[in-house]
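Please read it alongside the coordinates.

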Amino acid sequence: MPNIHFKPGIVCLIAIFSSLSLKGNENAALETASTLAKKAIESSLALEIATDLTTDIGPRLFGSDGEKRAVEWARKRFEEYGFDRIWTEPFPVDRGWERGLETASITHPAPQNLVITALGGSVPTPEGGIEAEIVVFKTIQALLDQPEGSLDGKIAVVTQAMEIGGYGRFSGPIRGNGPSEAAKRGAIAYLMRSAGTDNDRMAHTGATRYQAGVPRIPAAALSVPDAQQIDRLADRHKSIRIKLLLTPKELGTVTSQNLIAEITGSEKPDEIILLGAHIDSWDLGTGAIDDGAGVGVVMAASKLIRDLPHPPKRTIRVVLFGAEEIGIYGGNYYVVKHRDELSKHIIAAEADAGQGPVHTINIGVGNPLDPSLSTIRKALETLGVKAGRAKSRGGPDIVPMSNAGVPVVGLDMFTEDYFDLHHTANDTIDKIVPERINQSAAAYVTFAYLASQLGGYYRAEN
Ligand SMILES: [Zn+2]
């Protein structure tokens with residue numbers, strides 16, 4: 001910027017005029033955003049989309065035919081909406097997997113069936129299943145404290161409960177690493193209390209990941225009441241035996257894909273406001289709260305913006321990520337594929353925490369002083385969304401982007417009941433309450449539209 005010297009009076013007038021026109025822009029954008037939010041609530045479009053996806057497609061396991069059909073379904077839907085560019089980006093997933101039979105029962109001292117489900121990626125039991133004595137650990141730490149060889153020939157059972165709000169702390173060490181830690185100590189199979197907060201007789205699946213160089217043992221989750229039953233039996237009896245049969249198939253490398261759909265910006269087409277959700281789901285239910293709801297929310301928000309008489313100033317890019325559940329393959333691939341373009345990503349948000357409502361906006365940007373952020377917060381306040389102080393990293397699929405320096409926001413949702421249904425056969429569309437998902441769609445459309453029209457200096461260097 002050249003060093004120009006104005007007389008103080010002229011500088012003052014310029015400042016007033018430019019702030020007046022900024023105010024005018026801002027007011028127009030706020031007005032449109034509030035109309036969009038109202039439409040999101042009145043139309044129930046997000047719920048309609050989630051209903052179509054979970055009914056016409058059903059479960060969408062990574063790499064499966066269901067996931068591919070879902071992508072085609074979404075592509076068609078975006079075409080009908082009149083998006084400017086729609087394309088897929090395929091990528092390999094090196095751990096294709098398909099669920100098989102899964103049964104378990106206590107054979108001694110009080111024979112009874114157990115409700116279980118294989119963890120995603122689990123190897124099968126030997127043909128005919130295995131029957132062995134179990135060793136019960138009330139915490140994962142109690143298992144980690146055991147010496148090598150102490151579980152030879154046994155089935156390790158971890159009955160630690162997940163606390164509300166404790167999913168991240170629980171799922172990594174217990175579901176992800178638990179099987180390999182048990183195998184290092186000699187166990188021949190691994191059972192865990194489900195990562196869930198319900199008391200239903202429903203087991204929660206979710207990915208496990210075997211450590212290299214450690215025997216891979218079959219691994220499954222018990223429903224919460226079944227884990228509690230084993231706890232009670234272990235308090236009363238010295239020897240408990242379980243029979244376990246799992247017949248999942250490992251499919252080697254399979255193909256998944258991200259689906260990308262854009263509304264081209266009218267003034268700054270190369271600047272991207274990104275909305276994400278994941279199109280894949282676990283196979284037990286129909287993936288309604290995880291993440292059909294998120295897909296509904298971001299598709300509805302972007303469709304409402306598409307329907308405006310004037311396109312937004314910046315490009316709105318919706319990414320429906322593939323293969324999230326088995327390890328954020330789509331989110332990681334996106335960053336590799338779009339590395340050269342990441343500096344043009346102005347801000348991103350993902351909807352992957354159920355149906356909402358959105359209660360807090362937390363930001364993860366380099367320059368939190370950009371005035372448009374306070375405008376966005378103010379607009380969200382009218383929907384009951386508070387401004388939070390936590391530093392957000394966005395949703396799971398946009399964490400890799402956030403790590404690569406893309407500014408993100410977290411439109412954080414009410415999740416107290418999310419982990420009652422998460423990854424179970426009970427994750428079905430009837431659980432979605434219109435008022436909740438509609439408020440979420442309203443929050444996302446408010447954020448996306450205002451971010452596309454205002455400010456945008458969210459990076460630290462600006
Ligand atoms: Zn999810």
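1. D283 forms a salt bridge with R99, the closest N and O atoms lying 2.7 Å apart, where a salt bridge is a side-chain nitrogen of Lys or Arg within 4 Å of a carboxyl oxygen of Asp or Glu. Because D283 sits in the loop between strand 11 (268-278) and helix 8 (288-306), and R99 in the loop between strand 1 (85-98) and strand 2 (102-108), the pair ties together parts that are 184 residues apart in sequence. By this rule the count comes to 25 salt bridges.

2. A word on the basis of these values: this is a predicted model, in which local features need pLDDT of at least 70 and side-chain atom pairs count only at pLDDT 80 or more, while totals for chains, interfaces and linings use all residues. Residues are numbered from 1 along each chain as its sequence is written, and side-chain values use heavy atoms, with hydrogens and water left out.

3. The domain assignment, which is automatic or taken from a database, gives domain 1 (32-96 + 253-453) and domain 2 (100-247), and their centres, taken over C-alpha atoms, are 34 Å apart. To the contact (heavy atoms within 4.5 Å) domain 1 contributes 15 residues and domain 2 contributes 20 residues.

4. The area buried between domain 1 and domain 2 is about 1,300 Å², with carbon and sulfur atoms giving 58%; buried area here is the accessible area (1.4 Å probe) that two parts lose on being put together, summed over both. In domain 1, R95, F419 and D420 lose the most area to domain 2, together 38% of what that side buries.

5. Across the interface of domain 1 and domain 2 the rule finds zero salt bridges. The side of domain 1 that touches domain 2 takes its largest share, three residues, from helix 12 (residues 418-421), helices being DSSP runs of H or I with at least four residues and strands runs of E with at least two, numbered from the N terminus.

6. The peptide bond from D290 to D291 is cis, with omega near 5°, and D291 is found in helix 8. A cis peptide bond also joins G356 and P357, with omega about 5°; P357 lies in the loop between strand 13 (345-350) and strand 14 (358-364). I328, although not a glycine, has a positive phi of about 55°.
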